[in-house]
Amino acid sequence: MQQLIAEFLEKYGVQSSIAEPLGTLITFALLLVVSWILFKVSRTVIRAIFKKIIRTTKNQFDDKLLKNKFPKFVSYFVPLLFLYYLVPNLNWSIEFFSVLLQRVTAILLILTGLYTVRSLLRSISDHLRTLPAFKDKPLDSYIQVVMIIMWLFGIIALFSVLTGKNVNTLIAALGAISAVLLFVFKDTILGFVASVQITVNDTVRIGDWITMKNQYADGDVIKITLSSVIVQNFDKTYTSIPTYKLVSDSFVNWRGMEESSGRRIKRSILIKVSSVKFLTDKDVKNLRNLHLFGEFIENRQKEVAAYNQKLGIPTDDLINGRNLTNIGTFRYYIQYYLKSRRDVNQKMTLMCRQLAQTPKGIPIEVYAFSSDKIWVNYESIMSDLFDHIYASVKYFDLECYEDSFTH
C-alpha cells in the first residue's frame, strides 16, 4: 500500500527519497483511522448486543459485565487484531517501522486481555455478592490470586514481545529467580494461605464484629482481600489488618454472641470486708418487707431456726449457730432481682456469685445475659441493673469500696 502511495506522490512531483517515508507515514495514518472506525463500530454493536441481552434476561450478571466495562474491553480486540494480522502482510519500506508497529500492537493485545479478564472477574465477584451463600465470603482474595497469576504470565509475555526471546526461555529464567520472587511475594502468599484457612474454618466473615487489641481494631469487617482485612471501628475510623494476622494472632469474633439469644452481662461490685456481719432478728424483720425477697427470707429463717434448735444452740448465739449474713442475703437478693427482670434472658446462665477477696474488697459479680443484644439497649439494661444494685447495698448494712485521696 505504501508503495502505491509513494508512486502516486512521485507522479505529482514529490522526490522519491521523500515519497517512500511519506508513503509509510500516510499508510500508518490510514491504518489508525481504519482501526479507530472499527473500534467505534465494534463498541457500538457490542454494547447494543449487551443492552438487548440485559433487557431480555432477568439474570443480573450481564448488568455487572456492563458496569465493569467488559463490552468496551472486548471491542478493543477488533482494531488490535486487525492491525496485528494486517501489519506483517504489508510490504513496508522501513522494516524497523513494521517490527515496532507489530510489537506495540502485541503489547496492547496482551494488556487488553489482562484488563478484560479483570473486568470479567470483577463482574463475577459483584454477581456472587448478590447471592446469600457468597455475601460474606472473601471473594476479593481469590480474584486477586487469579489476577496475580494472570499478570505474572502477562509480564512474561510482554518481556517475550519486547526482547524477542522465547516464552519457555523466560519461564526457565523465572524458575532461577524463584527464591527472590518468594521473598518479594511473601505477604501475598501468606495472605492467600490465610484467606483459604479463614474461609475453610469460617473464622471471619464480612459483617462480623471483631476485636483485635494489638491492631487497635474493634468494629465490623467490611472487606477481606488477599493482603488485608479492613475493619470499620465503632468510632468510624478504619483499621487495616494483614490477612495472615487473623491466623497467627488471637482476636475476638462476636458473631457467636450476635447469633445467640442474649448478650452477656459480667460486672462486679466491691464490698468492704469490714461491713460484712451476721443478720440479727431485727435485720431479718426489716428484710421481710422486701417485695421480691420476703418469702425467701422467711423460709430461710425457718430453716436456720430448725437447724439451731436441733443442735440446742441459742438464737442469740450468732457465731456458733447457723445464721444469715448480710452479704450472702444481698447476693440472693440480686439473683431474685435478676429473675424478675423481663429484659434479662431467663433461659441462659443467670447467677450472682462471690469471687475471691481482693485488696479492694470482696467482688460480688453479676453473670447474666440481656435479652436485647443491640449495643445501646444492652448498655441501658446493664446500667439500670447496677443502678438498682448500688442503691440496694445500704439496705443490707453493706458498704462499697471507694478509694480515698488525701489532698
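A salt bridge is a side-chain nitrogen of Lys or Arg within 4 Å of a carboxyl oxygen of Asp or Glu. The model in these views is predicted, with pLDDT of at least 70 needed for local features and pLDDT 80 or more for side-chain atom pairs, while totals for chains, interfaces and linings use all residues. Residues are numbered from 1 along each chain as its sequence is written, and side-chain values use heavy atoms, with hydrogens and water left out.

**View A. A salt bridge joins Glu365 and Lys266.**
The N to O distance between these two side chains is 3.3 Å. Glu365 belongs to strand 8 and Lys266 to strand 6, so the pair ties together parts that are 99 residues apart in sequence. Strands (E, at least two residues) and helices (H or I, at least four) are DSSP runs, numbered from the N terminus. Glu365 counts as buried, at 4% relative accessibility, whereas Lys266 counts as partly exposed, at 40%. In these legends, buried means under 20% relative accessible area, exposed means over 50%, and partly exposed lies in between (1.4 Å probe, protein chains only). By the salt-bridge rule, the count comes to nine.

**View B. Lys272 and Glu399 form a salt bridge.**
Their side chains meet at 3.3 Å, N to O. The pair links distant parts of the chain, 127 residues apart: Lys272 is in the loop between strand 6 and helix 12 (281-287), and Glu399 is in the segment after helix 15. Both residues are partly exposed, Lys272 with a relative accessible area of 31% and Glu399 at 43%. Leu398 is also found in the segment after helix 15, and it counts as buried at 5% relative accessibility. The C-alpha atoms of Leu398 and Lys272 are 7.4 Å apart in space, although the two residues are 126 apart in sequence.

**View C. Arg341 and Asp343 meet in a salt bridge.**
The N to O distance here is 2.7 Å. Arg341 counts as buried at 14% relative accessibility, and Asp343 as partly exposed at 21%. Elsewhere, salt bridges that share partners join Lys266, Arg353 and Glu365 into one network.

**View D. Three strands form an open antiparallel sheet in the order 6-8-7.**
Strand 6 (263-271) and strand 7 (351-354) are the edge strands, each pairing on one side only. Two strands pair if DSSP finds at least two bridges between them. Strand 7 and strand 8 (residues 362-370) run antiparallel and are joined by four bridges. Cys352 stands opposite Val366 in strand 8.

**View E. Five strands form an open sheet in the order 4-3-2-1-5, with antiparallel pairing.**
At the edges stand strand 4 (238-242) and strand 5 (252-253); each has a single partner strand, so one side of each is left without a neighbour in the sheet. Strand 2 (residues 217-224) pairs with strand 3 (residues 228-233) over five bridges in the antiparallel sense, and Ile224 has Val229 in strand 3 as its bridge partner. Five bridges also join strand 3 to strand 4, where Gln232 stands opposite Tyr238. These two strands form a hairpin with four residues between them, and Lys236 in the turn has a positive phi of about 70 degrees. Strand 4 has a covered face, made of Thr239 and Ile241, and an uncovered face, made of Tyr238, Ser240 and Pro242.

**View F. Lys69 and Asp397 have positive phi values.**
Most residues other than glycine have a negative phi. Phi of Lys69 is near 65 degrees, and this residue lies in the loop between helix 3 (61-67) and helix 4 (70-86). Phi of Asp397 is about 55 degrees, and Asp397 is placed in the segment after helix 15 (375-392). Lys69 is partly exposed, with a relative accessible area of 47%; Asp397 is partly exposed as well, at 41%.

**View G. Helix 4 has 17 residues and reaches 25 Å from its first C-alpha to its last.**
This length is close to the expected 24 Å, the expected span being 1.5 Å times one less than the number of residues. Among the buried residues of helix 4 are Phe70, Phe73 and Leu83. Helix 14 (residues 326-339) has 14 residues and reaches 20 Å, close to the 20 Å expected. Its buried residues include Phe330, Tyr333 and Tyr337.
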